[in-house]
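The sequence and structure are shown first, and the description follows.

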Amino acid sequence: MSKEYVVAIAGATGLVGRKMMEILEERNFPVREIKLLASERSRGKKLKFKGEEIEVRVLAPEEFKGVDFAIFSAGGSISKAIGKQVAEAGAVMIDNSSAWRMDPEVPLVVPEVNPEDAQKHKGIIANPNCSTIQMLVALKPLHDAAKIRRIVVVTYQSTSGAGKEAVEELRAHSEAMLKGEKYENKVFPHPIAFNCLPQIPQSKAFGDNFYTSEEMKMVNETRKMFHDDSIMVSATCVRVPVFGAHAEAINITTERKLSRDQAIKVLSDAPGIKVVDDPANQKYPLQLDAEGVDDVFVGRVREDISQEQGLDLWCVADNIRKGAATNAVQIAELLAAASR
Ligand SMILES: NC(=O)c1ccc[n+]([C@@H]2O[C@H](COP(=O)([O-])OP(=O)(O)OC[C@H]3O[C@@H](n4cnc5c(N)ncnc54)[C@H](OP(=O)(O)O)[C@@H]3O)[C@@H](O)[C@H]2O)c1
């Protein structure tokens, strides 16, 4: 009989946690028992998994005894505080926060990019930032084909990337503005409705180099997963009034020249990517189409007219699925497959 696992979801009541449950079901991950954990606020709440109502428990270190996979999306400070105890209890922590990503002892994994790193874990594996995940799924095959030296990226990130309260703020703020009513923003520092905010995350200050921490995550996580500290990355991360998926305009400089046709062929053959690139018929990836889908969509592929070895592309993905929950479940699948 094939093995079944005890899975804990920490942050089960959040956007990512709920999606995690859906994806475990959809992909038919072999779950023997599921434990749903959240804050004191959610004590006793019931959530459905495979048709069964499961009571939410309060997240605490004692909950991880006997757990095989502990998938965390309850915020960085909680992951940092409890990570070692989760691993010591014998569970493998797959963490969605930024708490462990740059720890040299912790693999940072996207299964389409560096699956081999997952097997080197010592009890904790980190899921990268949502904007890095989709960018690297799109760029890995181009990197393999032509070696990327430099990446310049601008993101157009959905409000769902900032959690359930941010999504609610976009909805409420949009409704208020359309009715000509006043709305006091609580999550974002400026109005998010009908506006773009060049500051992610919304709560933290800019760094000494004037980049935000989200932008520096795209730099550092790319280097870690491509195992190349010399790769140059510059990012500008922008929150846009979209509910469900992130888009990115990416410009790369490669060591060897790739034509548009060669790039499209390489992208079309790669795992996890769907190429939508039909300019004559105005077909290119759209955030509304990517919502609810696991693929990373790539289009608007073109040779950069400003440099010999450059390419431009437009990349769109559901940030809660491939940018968080699906990637985490795929990591658990990698480990489960290796232990068979
Ligand atoms: N949204 C994205 O696209 C995305 C992508 C990648 C990674 N992430 C990361 O995933 C995490 C959660 O994101 P989200 O969008 O799901 O946020 P969210 O919708 O605001 O949900 C937060 C979750 O964390 C729980 N939580 C908060 N404080 C807690 C505490 N003190 N003890 C235990 N549980 C606590 C909440 O429980 P209650 O309901 O009980 O408050 C809820 O389940 C963050 O670290 C975020 O950076 C998010």
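## Domain interface, ligand site and local geometry

Across the interface of domain 1 and domain 2, 2 salt bridges are found. The model under discussion is predicted.

The domain assignment divides the chain into domain 1, made of 5-127 + 324-338, and domain 2, covering 132-319. The contact between them takes 23 residues from domain 1 and 19 residues from domain 2.

Domain 1 and domain 2 together bury about 1600 Å², and 64% of this area is on carbon and sulfur atoms. On the side of domain 1, the residues that lose the most area to domain 2 are Leu15, Glu112 and Val113, which together account for 35% of what that side buries. Between the two domains, 7 residue pairs are in polar contact, both residues being at pLDDT 80 or more.

Three helices each supply at least two residues of the side of domain 1 that touches domain 2: helix H1 (15-26), helix H3 (115-118) and helix H9 (321-338). Helix H9 gives the most to this side, with 3 residues. By class, the side of domain 1 that touches domain 2 consists of 10 nonpolar, 7 polar and 6 charged residues.

### Salt bridges

Side chains of opposite charge can pair when their charged atoms come close. A search of the whole structure finds 21 salt bridges. In one of them, the side chains of Arg321 and Glu26 meet at 2.6 Å, N to O. Arg321 belongs to helix H9 and Glu26 to helix H1, so this pair ties together parts that are 295 residues apart in sequence. A further salt bridge joins the side chains of Asp294 and Arg27, with an N to O distance of 4.0 Å.

### Ligand surroundings

There are 26 residues around the ligand, and those that come nearest are Thr13, Val16, Ser39, Arg41 and Ser42.

| Residue | Part of the residue | Distance to a ligand oxygen atom |
|---|---|---|
| Thr13 | N or O atom in the side chain | 2.5 Å |
| Val16 | polar backbone atom | 2.9 Å |
| Arg41 | polar side-chain atom | 2.8 Å |

### Backbone geometry

Most residues other than glycine have a negative phi, and most peptide bonds are trans. Where does the backbone of this chain contain a cis peptide bond? Such a bond joins Ile200 and Pro201, with omega at about 0°. Pro201 is located in the loop between helix H5 (164-178) and helix H6 (213-226).

Lys147 is not a glycine, yet has a positive phi of about 55°. This residue, Lys147, is found in the loop that lies between helix H4 (130-146) and strand S8 (148-157).

Notes. Residues numbered from 1 in each chain as written. Predicted model: local features only at pLDDT ≥ 70, side-chain atom pairs only at ≥ 80, totals over all residues. Heavy atoms only, no water. Domains from an automatic or database assignment. Contact = heavy atoms within 4.5 Å. Buried area = accessible area lost by both parts, 1.4 Å probe. Polar contact = N/O pair within 3.5 Å; in protein donor to acceptor, adjacent residues only side chain to side chain. Helix = DSSP H or I, 4+ residues; strand = E, 2+ residues; numbered from the N terminus. Nonpolar A, V, L, I, M, F, W, Y, C, P; charged D, E, K, R; others polar. Near = heavy atom within 4 Å.
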